[in-house]
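Hi everyone, thanks for making time this morning. I'd like to walk you through one model, helix by helix, and then get down to a few side chains. Have a look at the screen.

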Amino acid sequence: MTDSITYLEPSLLAERQYGDATRALPTKQLRSEQTREKLLQTGKTLLGAGGFDDVSIAQIAAASGCSVGAFYMRFKNKKAYFEFLLDGVIDQVRLETQQSLALGSIKDLNLEQTIQLCVKHHIQVIRTHEGLIRAALAYSINGSNDWQPIGDVGVWLNAHYIDLIIRKSRKRDKETAKKQLLIGLNIIAGHLINVITHERGVMPLHHPDLAFWLSSIVLHCLKSKPADAA
């Protein structure tokens, strides 16, 4: 195991290509870039209150203080806009994670505290982007592959958490420990996605004891093994 985490360079809202279609049209002037950023920020807010199908281009433009024509000068259509917005949020999640969960953040923590830190971070990511995640999930049901980027960043987050947690584990078999951690992290990820799609479920997203119980699950998976493996 190396002493440092491999960091990914975020693209930070670069011009993106999706198939043969450009997600966001090039912007050459500062004002144009500022308008695009307003449109993207507005989308995050509106999607937090409703799904993708509930938000119209006219609503996005009006709430951003610009015209529908200004929207189409920057984005090919609503689908391209949503994909670009989703990509930007994923970049932000990666960058924020690299900054807030670096090796220094666990220097004085034990195993249990490190697990709690990672689980609390995951919960906060879901809480912050709850509306966008819900919209992407609903959108994917209609045949879009926009759930794939969220799935990919989930895999990346798990790898980052495991890299931190495994440093505090005293288990000699690190590969087995990583698999056990992955089982626990996948269980809590499933719960978090479930509670944002079924708001009245057990242990909802904003329950004060959520971090405690989910951290306990990860720790249990790390310390347990099937009876036939004993």
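Let's begin with helix H4, residues 78-100. It has 23 residues, and from its first C-alpha to its last it reaches 32 Å, close to the 33 Å expected at 1.5 Å a residue. That expected span is 1.5 Å times one less than the number of residues. Helices here are DSSP runs of H or I with at least four residues, strands are runs of E with at least two, and both are numbered from the N terminus.

How many of the 23 residues of H4 are buried? The count is 17, so H4 is largely enclosed by the rest of the structure. Buried means under 20% relative accessible area, exposed means over 50%, and partly exposed is in between, with a 1.4 Å probe and protein chains only. At the start of H4, the backbone nitrogen of Lys 79 has a side-chain oxygen of Asn 77 within 3.2 Å. I'm calling that a polar contact: a pair of N or O atoms within 3.5 Å, where within protein one must be able to donate a hydrogen and the other to accept it, and residues adjacent in sequence count only if both atoms are side-chain atoms.

Now, before going further, a word on what we're looking at. This is a predicted model, in which local features need pLDDT of at least 70 and side-chain atom pairs count only at pLDDT 80 or more, while totals for chains, interfaces and linings use all residues. Residues are numbered from 1 along each chain as its sequence is written, and side-chain values use heavy atoms, leaving out hydrogens and water. pLDDT is the predictor's confidence in each residue, from 0 to 100. The chain averages 82, and 80% of the residues score at least 70. Please be careful with residues 1-21, where pLDDT stays under 50. The model has 51 contacts for that stretch beyond four places in sequence, a contact being heavy atoms within 4.5 Å.

Stepping back to the whole chain, there are nine helices and two strands. The order along the sequence is β-β-α-α-α-α-α-α-α-α-α. The chain has 230 residues, and 43% of them count as buried. If you take contacts between residues at least 6 apart in sequence, 72% join residues at least 24 apart.

Next, please find helix H9, residues 210-223. Its 14 residues should span 20 Å at 1.5 Å a residue, and the end C-alpha atoms are 20 Å apart, which agrees. Its buried residues are Leu 210, Ala 211, Leu 214, Ser 215, Val 218, Leu 219, Cys 221 and Leu 222. Down the axis of H9 these fall within an arc of 160 degrees, so they line one face of the helix. The arc is taken from the directions from the helix axis to the C-beta atoms.

What covers the buried residues of H9? The cover includes helix H5 (111-128) and helix H8 (174-197). Beyond its neighbours within four places in sequence, Ser 215 is in contact with Ile 115, Gln 116 and Val 119.

That brings us to H8, with 24 residues that should span 34 Å at 1.5 Å a residue. Its end C-alpha atoms are 35 Å apart, which agrees. Gln 180 sits in H8 and counts as buried at 9% relative accessibility. Not counting residues up to four places away in sequence, Gln 180 touches Lys 171, Cys 221, Leu 222, Ser 224 and Lys 225. The Gln 180 side chain also reaches the backbone oxygen of Ser 224 at 2.5 Å.

Last stop, still in H8: Thr 197. It is partly exposed, with a relative accessible area of 34%. The Thr 197 side chain reaches two backbone oxygens, that of Ile 193 at 3.1 Å and that of Asn 194 at 2.9 Å.
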